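Welcome! Have a look at the sequence and the 3D view below, and keep them open while you read the notes that follow.

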Amino acid sequence: MSLSDELIDQYSRQILLPEVDYQGQERLLQAQVEVAGPEPWRSWLARYLRAAGVAVRELTGPTDQLTVEGGGRRWQRALTPGPAALTALGYLGAAVLLDLAQGEGAQG
Amino acid sequence: MSRLAVVGVGATGGALLAGLHALGATEPLRLIDPDRVERSNLPRQPWFEAADIGRPKAEVMAERLSHGYRGQVEPAVARLSEENCDQLLDEVALVFDGTDNWPVREAIQAWAARHQKAWIYMSVLGLSGMTALFRPGEGPCLYCLFGATIQQGPHCFEAGVLGPVAAAVAGEALDLYQRWGSGALEGFELRLIDGAGGRTEVIRGRDRGCTHFVSLR
């Protein structure tokens, strides 16, 4: 696939990152994952992943961790109450996006 | 209840507000941002939607918070400056710096020194971020850390940024805020957010005596 000018504008801050780049953004736009965990953190993680270009399905899941599965890989992060949950969500979202952009766990 | 100001409701400021909302905070909020939502904001500011493009960020964010946030929320579509900060930050107990604009950050710091108020610095670029709570008269100031002649560094439109890293920065900033509020924050901490490694490094500072704002003490 090639990205339209509008998509390049939309994802430009990610495409600028050497760890993502144009090819990585193409991979993100083709990626599909399932996100599970307690609210409101699950929804926020799903929002970040969708906003980065990933197709996301939300599932109910354990209350003490956030998990993401897709492309033959699984990511997870324990959640503790309070602001640390937002930090954990951020780190988990970054790891998922970087791995998906770099084609980790996917074929080809 | 102490009023909080969030200056810049983009990647870090917006994530911080989402965090306050999620944690059930009740503090009155003032959201200060002159910018309008752009398409390139959407990947790292996922509380905005394509339909918001062109609308003032502060107003859209106040609308989003009106669904469920338990405190009062006031938007101000304005660029904070040395000239208007006393007015825009009137009755504010603590400022969260969510801007990527160095002069605005300096205006917040000068305001904090004049009024002896605390403020929380947040920044994100690429896969890394930083946050620290500054208290005038106690510990270092921004100039002690980065030098008094520092100029604007690269913006995200030059170096790129990954959205969830800003959420990690906001989480650490909220943790500093809560610990400060409960009196549990001892000494100065600079928290370095490593989005690639998924971990936070805490650098603790000794009070060597800030000389930049000495005349205001």
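In chain A, buried residues make up 47% of the 108 residues. Please keep in mind that this is a predicted model.

**Chain A as a whole**

- Chain A has 5 helices and 4 strands.
- The C-alpha trace of chain A spans about 40 × 25 × 20 Å along its principal axes.
- A compact globule of 108 residues would have a radius of gyration near 13 Å, and the 14 Å of chain A agrees with that.
- Of the contacts in chain A with a separation of 6 or more, 56% are between residues 24 or more positions apart.

**A hairpin in chain A**

- Strand E3 (residues 65–70) and strand E4 (residues 73–78) of chain A pair in the antiparallel sense, over 6 bridges.
- One pair to look for is Glu69(A), whose bridge partner in E4(A) is Arg74(A).
- E3(A) and E4(A) form a hairpin, with 2 residues between them.
- In the turn sits Gly71(A), with a positive phi of about 60 degrees.

**Two helices that cross in chain A**

- Two packed helices are described by the angle between their axes and the distance between the axes.
- Which helices can we try this on? Helix H3 (residues 21–30) and helix H5 (residues 84–101) of chain A have axes that come within 8 Å and cross at roughly 110 degrees.
- Angles of 65 to 115 degrees count as roughly perpendicular, so H3(A) and H5(A) are roughly perpendicular to each other.
- On the H3(A) side, Gly24(A), Arg27(A) and Leu28(A) take part, and they meet Leu97(A), Leu100(A) and Ala101(A) in H5(A).
- The residues of this contact divide into 4 nonpolar, 1 polar and 1 charged.

- Most residues other than glycine have a negative phi, and most peptide bonds are trans.
- The peptide bond from Glu39(A) to Pro40(A) is cis, with omega near 5 degrees.
- You can find Pro40(A) in the loop between strand E1 (32–36) and H4 of chain A.

**Where chain A touches chain B**

- How many residues of chain A are in contact with chain B? There are 28, and they are in contact with 33 residues of chain B.
- Helix H1 (5–10), helix H2 (12–15), helix H4 (41–51) and H5 of chain A each supply at least two residues of the side that touches chain B.
- H5(A) gives the largest share of that side, 11 residues.
- By type, the residues on that side of chain A divide into 17 nonpolar, 7 polar and 4 charged.

**The sheet of chain B**

- Chain B holds an open sheet of 8 strands with mixed pairing, in the order E3-E2-E1-E4-E5-E6-E7-E8.
- The edge strands are strand E3 (73–76) and strand E8 (199–205) of chain B, and each pairs on one side only.
- Neighbouring strands of this sheet are turned by 15 degrees against each other on average, direction ignored.
- Strand E1 (residues 4–7) and strand E4 (residues 94–97) of chain B run parallel and are joined by 4 bridges.
- Val6(B) stands opposite Phe96(B) in E4(B).

**A covered helix in chain B**

- Is helix H2 (residues 57–65) of chain B mostly covered or mostly open? It is mostly covered, as 7 of its 9 residues are buried.
- The buried residues of H2(B) include Val60(B), Met61(B) and Leu65(B), and also Lys57(B) and Arg64(B).
- What covers the buried residues of H2(B) includes helix H1 (11–22), strand E2 (29–32) and E3 of chain B.

**Two residues with positive phi in chain B**

- Glu91(B) has a phi near 65 degrees, a positive value in a residue other than glycine.
- Glu91(B) lies in the loop between helix H3 (85–88) and E4 of chain B.
- With 9 other C-beta atoms within 10 Å, Glu91(B) is exposed.
- Gln116(B) also has a positive phi, near 55 degrees, and lies in the loop between helix H4 (102–115) and strand E5 (118–125) of chain B.
- Residues with 12 or fewer such neighbours count as exposed, and Gln116(B), with 12 other C-beta atoms within 10 Å, is therefore exposed.
- Leaving aside neighbours within four places in sequence, Gln116(B) is in contact with Pro136(B) and Gly137(B).

Key. Residues are numbered from 1 along each chain as its sequence is written. Chains are lettered from A and ligands numbered from 1 in the order in which they are written. This is a predicted model: local features need pLDDT of at least 70, side-chain atom pairs count only at pLDDT 80 or more; totals for chains, interfaces and linings use all residues. The radius of gyration is taken over C-alpha atoms; the globule rule is 2.2 Å times the number of residues to the power 0.38. A residue is buried if 20 or more other C-beta atoms lie within 10 Å of its own, exposed if 12 or fewer, and partly exposed in between; C-beta atoms are placed from the backbone. Two residues are in contact if their C-beta atoms, placed from the backbone, lie within 7 Å. Two strands pair if DSSP finds at least two bridges between them. Axes are lines fitted to C-alpha atoms, for helices over the stretch in contact, and angles run from 0 to 180 degrees between N-to-C directions. Angles under 35 degrees count as roughly parallel, over 145 as roughly antiparallel, 65 to 115 as roughly perpendicular and the rest as oblique. Ala, Val, Leu, Ile, Met, Phe, Trp, Tyr, Cys and Pro count as nonpolar, Asp, Glu, Lys and Arg as charged, and the others, Gly among them, as polar.
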